[in-house]
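Work through the exercises below with the sequence and the structure open. Each task is followed by a solution in steps.

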Amino acid sequence: MVKRSGILIATAISASLFLSACTSRPSEEELRQLNDLKAEVSALEKQVPDKEKEKAKLEKEVAEKNGKLQECQDDQAAVRKALGQ
Amino acid sequence: MKTKLFLTILITMLLVLDVQILFAQEMTKEQWQQEMSQYTAKRNDLKAKLDKLNSDIKNLQDQSKKLDADVATCHDNLLKLLGVTQAEYDAFIDELTRYENRTNELMRLSDEELLKYRDEVMNMDKRVTEMAKHNIAMIPRIKSRIEKLQANIASLKKTLEKEKTYTVGTWAKDRDCLWNIAKKKDIYNNAWLWPKIWQGNKDKIKNPDIIKPKWVLKIPTGAELTKEEKAAANSYYRKKKEAAEPTQ
């Protein structure tokens with residue numbers, strides 16, 4: 001009985017080790033590549049919101065300046081009209 | 001014996017399980033490949049997005065610079081049309097802003113407090129009327145500011161023109177006579193202006209020495225007696241003097 005159990009256990013361990021050993025694993029260099037890539041993605045992800053904010057601020061500025069220009073052009077037209085030009 | 005066997009099997013199973021877990025934590029080549037592809041795609045998307053954002057930002061910066069120049073040119077042309085310099089324009093706007101702020105301050109005062117600033121309101125009204133005729137007032141947004149200011153000044157003037165009233169008390173309690181009423185700080189703060197009250201209430205006051213309790217007297221505005229008020233006062237003093245002189 002004991003003998004049979006011992007054989008079973010030994011078979012289980014051998015099978016497990018065999019399976020694990022046969023699976024292909026990435027090299028150290030490949031793992032480093034993946035980590036570098038992840039870091040690069042993370043850095044790029046952080047840049048996007050800053051750039052979006054900068055763009056939104058500039059869009060607002062441009063809209064305000066367009067408004068000012070329009071206002072000035074309207075003023076000019078009104079003054080010309082008042083002066084009879 | 002049975003217990004020993006059971007323990008042996010249990011320990012062995014745990015050992016096998018540990019080994020399996022240990023190997024499961026490590027990445028397989030396939031998983032690595034998958035993650036590499038996934039992150040590479042993500043990086044490329046992000047790079048493309050950032051390139052687009054940078055390009056948009058550059059365009060907006062260029063637009064902003066161009067607009068600055070266009071606004072400056074437009075403003076210069078406007079000043080040329082109006083025939084004024086930048087300094088004159090700035091001074092005009094400063095003066096207008098100053099009157100706007102001052103009018104807002106005055107509008108918060110009580111009617112009585114406002115009376116102290118009558119001359120200031122009148123001078124401001126005169127100056128703003130002149131400003132409304134200036135070329136700069138042809139600019140619609142300046143014109144509308146001046147119109148609003150004029151409306152506020154008109155409202156102040158209306159308040160100033162409103163007549164104040166005083167309800168006469170008793171001689172016993174209040175010592176009310178025209179002299180004493182005019183002397184009150186919140187009336188004229190000057191007893192010699194009593195004829196103003198008399199002349200302003202001729203319908204009630206036939207004899208300035210007699211006023212009755214509960215009469216509501218109008219208090220005309222002004223810091224000096226008018227010609228008519230002076231004449232009335234002189235006539236009153238003359239009659240008093242005549243009455244006081246002994247008859248021969």
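**Exercise 1: a helix pair**

H3(B) passes H6(B) in a left-handed crossing. The model is a predicted one. Task: state which residues make the contact of H3(B) with H6(B), and how the two helices are oriented.

Solution. Start with the residues: H3(B) contributes Leu96(B), Tyr99(B), Glu100(B), Thr103(B), Leu106(B) and Met107(B). From H6(B) come Arg145(B), Ile146(B), Leu149(B), Asn152(B), Ile153(B) and Leu156(B). Sorted by class, this contact has eight nonpolar, two polar and two charged residues. Next, take the axes of H3 (residues 86-107) and H6 (residues 140-161) of chain B, which come within 10 Å and cross at roughly 30°. Angles under 35 degrees count as roughly parallel, so H3(B) is roughly parallel to H6(B).

**Exercise 2: one residue**

Task: decide whether Arg43(B) is buried, exposed or partly exposed.

Solution. Locate Arg43(B) in helix H2 of chain B. Count the other C-beta atoms within 10 Å of Arg43(B): there are 18. Buried needs 20 or more and exposed 12 or fewer, so Arg43(B) is partly exposed. Then list its contacts, leaving aside neighbours within four places in sequence: Leu37(A), Glu40(A), Val41(A) and Leu44(A).

Notes. Residues numbered from 1 in each chain as written. Chains lettered and ligands numbered in written order. Predicted model: local features only at pLDDT ≥ 70, side-chain atom pairs only at ≥ 80, totals over all residues. Axes fitted to C-alpha atoms, helices over the stretch in contact; angles between N-to-C directions. Helix = DSSP H or I, 4+ residues; strand = E, 2+ residues; numbered from the N terminus. Parallel < 35°, antiparallel > 145°, perpendicular 65-115°, else oblique. Left-handed = near helix turned anticlockwise from the far one by under 90°. Contact = placed C-beta atoms within 7 Å. Nonpolar A, V, L, I, M, F, W, Y, C, P; charged D, E, K, R; others polar.
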